[in-house]
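I opened a new notebook page for this chain. The entries below follow the order in which I looked things up.

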Amino acid sequence: TLHAAWMEKEIRRVCEEDPNNRVVLVGVEGGAATVAKLAEKLTAAGTPPAGVVYFDRRTNRGGNSAANVMSVCDHGVSDAESAAAVVEMLNAVAAT
């Protein structure tokens, strides 16, 4: 949360420098809410993240307009399954 404004500025700068750059945001527990807000701001500014990953057991965050949105800490999902799902999404982002 502390560095969200700096992060937003840096992501915009990197994407302006090279429009082919892609960003995947990752939020863990309380940081998931910050990532959700950051994704909304970036999307509104015309630089949507290529993916968003939430490691947050408390909620499954929806309503995000990123191309790939994943909540990997749903109940009943093992760490290995979570890691495999994240790797699969990152590979999909890299292939675009």
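Before listing neighbours, I wrote down that contact means heavy atoms within 4.5 Å. I also noted that this is a predicted model.

**Entry 1: Val 35**

I started with Val 35 and left out residues up to four places away in sequence. On that count, Val 35 touches Leu 25, Val 26, Gly 27, Val 52 and Tyr 54.

**Entry 2: the chain as a whole**

I then stepped back to the overall layout. The chain has three helices and three strands. Read from the N terminus, the order of the elements is α-β-α-β-β-α. I looked up burial next: 33% of the 96 residues count as buried. For contacts with a separation of 6 or more, 50% are between residues 24 or more positions apart.

**Entry 3: the nonpolar core**

Which residues make up the largest nonpolar core? I found twelve residues in all. They are Ile 11, Cys 15, Val 23, Leu 25, Ala 32, Val 35, Ala 36, Leu 38, Ala 39, Leu 42, Val 52 and Tyr 54. Helices α1 and α2 and strand β2 (51-55) each give at least two residues to this core. The largest share is from α2, with six residues.

**Entry 4: how α1 and α2 cross**

I looked at helix α1 (residues 4-17) against helix α2 (residues 31-44). Their axes come within 11 Å and cross at roughly 40°. Is the pair parallel, perpendicular or oblique? Angles under 35 degrees count as roughly parallel, and 65 to 115 as roughly perpendicular. The two helices are therefore oblique to each other. I recorded the crossing of α1 and α2 as right-handed.

Then I listed the residues that meet. From α1 they are Ala 4, Met 7, Glu 8, Ile 11 and Arg 12, and from α2 they are Thr 34, Leu 38, Lys 41 and Leu 42. By type, the residues of this contact are five nonpolar, one polar and three charged.

I picked Glu 8, which is in helix α1. Is Glu 8 buried or exposed? Its relative accessibility is 13%, so Glu 8 counts as buried. Leaving out residues up to four places away in sequence, Glu 8 touches Leu 38, Lys 41 and Leu 42.

From the other helix I picked Thr 34, which is in α2. Thr 34 has 18% relative accessibility and counts as buried, because buried means under 20%. I also checked Thr 34 against His 3: they are 31 residues apart in sequence and 9.8 Å apart in space, C-alpha to C-alpha.

**Entry 5: Thr 47 in a loop**

Where is Thr 47? I found Thr 47 in the loop between α2 and β2. Thr 47 is buried, with a relative accessible area of 16%. With residues up to four places away in sequence not counted, Thr 47 touches Arg 12, Cys 15 and Leu 42.

Gly 27 is in strand β1 (residues 24-28). Its relative accessibility is 1%, so Gly 27 counts as buried. Not counting residues up to four places away in sequence, Gly 27 touches Ala 32, Val 35, Val 53, Tyr 54 and Phe 55. Gly 27 and Val 52 are 25 residues apart in sequence, and their C-alpha atoms are 8.0 Å apart in space.

Gly 51 is in strand β2. Gly 51 has a relative accessible area of 0%, so I wrote it down as buried. Between Gly 51 and Val 93 I noted 42 residues in sequence and 7.2 Å in space, C-alpha to C-alpha.

Definitions and conventions. Residues are numbered from 1 along each chain as its sequence is written. This is a predicted model: local features need pLDDT of at least 70, side-chain atom pairs count only at pLDDT 80 or more; totals for chains, interfaces and linings use all residues. Side-chain values use heavy atoms; hydrogens and water are left out. Axes are lines fitted to C-alpha atoms, for helices over the stretch in contact, and angles run from 0 to 180 degrees between N-to-C directions. Helices (H or I, at least four residues) and strands (E, at least two) are DSSP runs, numbered from the N terminus. Angles under 35 degrees count as roughly parallel, over 145 as roughly antiparallel, 65 to 115 as roughly perpendicular and the rest as oblique. A crossing is left-handed if the near helix is turned anticlockwise from the far one by less than a right angle, and right-handed if clockwise. Ala, Val, Leu, Ile, Met, Phe, Trp, Tyr, Cys and Pro count as nonpolar, Asp, Glu, Lys and Arg as charged, and the others, Gly among them, as polar. A nonpolar core is a set of buried Ala, Val, Leu, Ile, Met, Phe, Trp, Tyr and Cys residues joined through side-chain atoms within 4.5 Å. Buried means under 20% relative accessible area, exposed over 50%, partly exposed in between (1.4 Å probe, protein chains only).
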